[in-house]
Amino acid sequence: MGSLDVSAAAVSCGDRFEWFCETVSSDLMPVSISTQHTTGFRAKITELDLGAVRLSTFAFSPVMSRRTSAHVRRGDPEQFQLALVTRGAFRISQLGHESVIDGDLVLTDTSRPMENEGVGADGLVEAVVLQIPRTALPLRSDRVDRLLGQRIPVSGGTTAILAEFLGTLLSHGPQCGGEEINRLGSMTLDLATACLAQQLGALDEAPAEARAQVMRQRINAFIEHNLGDPELTPQAIADRYNISLRTLYNLFREEPFSVAATIRSERIERCRVDLACRDLSSQPVQAIAARWGFSSATAFGRAFREAHGMTPTEYRTNALHT
């Protein structure tokens, strides 16, 4: 378990494409790769082992790759690979499906032949790839086959939640400890499962924890976008999602904070950032508190002191004079 960060820049210019081919074939899966950009070829690969799944990023000059049945026999990690194309585009073909992916998701299966071509308008293609062991994905393989090589739009809902979550993992995952990273891996698998199940019109078939994870992510996003509303309460959230308070509390039972504590801590953090901002130094403390949903100056002062060990005014004075 751990992370990996390697770049072709560490290899002599003439050997960079060969290095990339060998790295992909050994660390990902055997595949034939060709390019028209051997001169000045660029590539960077990062990997984050999350226990249940592995998250990788690939940035490289445009290439064409082909994985045949012979490649599969030579080496198969037996994975579903869910790729988010973040720069340039991929033309992918697998199981009779062919799609051009630009800014969206696509699912492939390492146990089946495939072809793809990277197209980079500015000379570089980038993708985030979630590697899911076939045995870990709790969906019927014959149904999953319908998604292979198909564009999965990141237009909202579960797909957008998953895409944002993967970006957050890449930014902060390497700093997490072993137990936390395993928990994040399980959360990632649950989100990916729910995302694929929804694409199949079978979200009810996803495991209960996968569905719960999606709901928690939706609720957290709703909280983040409505922190300034003083009427944002657990009951308002339960009403928004047509669930009972008991169901809402159960969703957050294993989380570090309860729903109410999440709202409070997020509000305090937004206030803390504003109090430390020189551009807002002329605004009264209470105005900042009200902007983030605190209707009572007394309640805000008490909550802020509990979180930071000093009053909002003391914090602002220290922050602006350091």
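## Helix 11 and its surroundings

In this predicted model, the buried residues of helix 11 (297-308) are covered by elements that include helix 9, helix 10 (285-291) and helix 12 (312-320). Helices here are DSSP runs of H or I with at least four residues, and strands are runs of E with at least two, numbered from the N terminus. The buried residues of helix 11 are Phe 300, Ala 303 and Phe 304, where buried means under 20% relative accessible area, exposed over 50% and partly exposed in between (1.4 Å probe, protein chains only). Seen down the helix axis, these residues fall within an arc of 100°, so they line one face of helix 11; the arc is taken from the directions between the axis and the C-beta atoms. The face turned away from the buried side carries the exposed residues Thr 298 and Glu 306.

The end C-alpha atoms of helix 11 are 16 Å apart, in agreement with the 16 Å that its 12 residues should span at 1.5 Å a residue. The expected span is 1.5 Å times one less than the number of residues.

## The second largest pocket

Helix 11 and helix 9 each supply at least two residues to the lining of the second largest pocket, and helix 11 gives the largest share, with 5 residues. The pocket has a volume of about 210 Å³. On a 1 Å grid over the protein atoms alone, a pocket is an open set of points with protein on both sides within 12 Å along at least five of seven lines, a cavity is a set where a 1.4 Å probe fits but cannot get out, and lining residues have an atom within 4 Å of a point. Grid points are joined across faces, edges and corners, and a volume is the space filled by probe spheres set on them.

Among the lining residues are Phe 300, Ala 303 and Glu 306, together with Arg 264 and Arg 267. The lining divides into 5 nonpolar, 3 polar and 4 charged residues. Ala, Val, Leu, Ile, Met, Phe, Trp, Tyr, Cys and Pro count as nonpolar, Asp, Glu, Lys and Arg as charged, and the others, Gly among them, as polar.

## The largest pocket

The largest pocket holds about 1,200 Å³ of space. It is lined by 29 residues, of which Phe 165, Thr 168, Gln 217, Asn 220 and Glu 266 are the closest to its centre. Helix 4 (157-172), helix 5 (178-199), helix 6 (208-225) and helix 9 (259-275) each supply at least two lining residues, and helix 6 gives the most, with 8. By class, the lining has 14 nonpolar, 8 polar and 7 charged residues.

## Leu 232

Leu 232 lies in the loop between helix 6 and helix 7 (234-240) and is buried, with a relative accessible area of 5%. Beyond its neighbours within four places in sequence, its contacts (heavy atoms within 4.5 Å) include Phe 222, Ile 223, Ile 263 and Arg 267.

## Overall features and basis

The protein has 12 helices and 12 strands, and buried residues make up 45% of its 322 residues. A search of the whole structure finds 3 cavities of 30 Å³ or more. The largest cavity contains about 370 Å³ of space, and its lining divides into 16 nonpolar, 4 polar and no charged residues.

Residues are numbered from 1 along each chain as its sequence is written. For this predicted model, local features need pLDDT of at least 70, side-chain atom pairs count only at pLDDT 80 or more, and totals for chains, interfaces and linings use all residues, while side-chain values use heavy atoms, with hydrogens and water left out.
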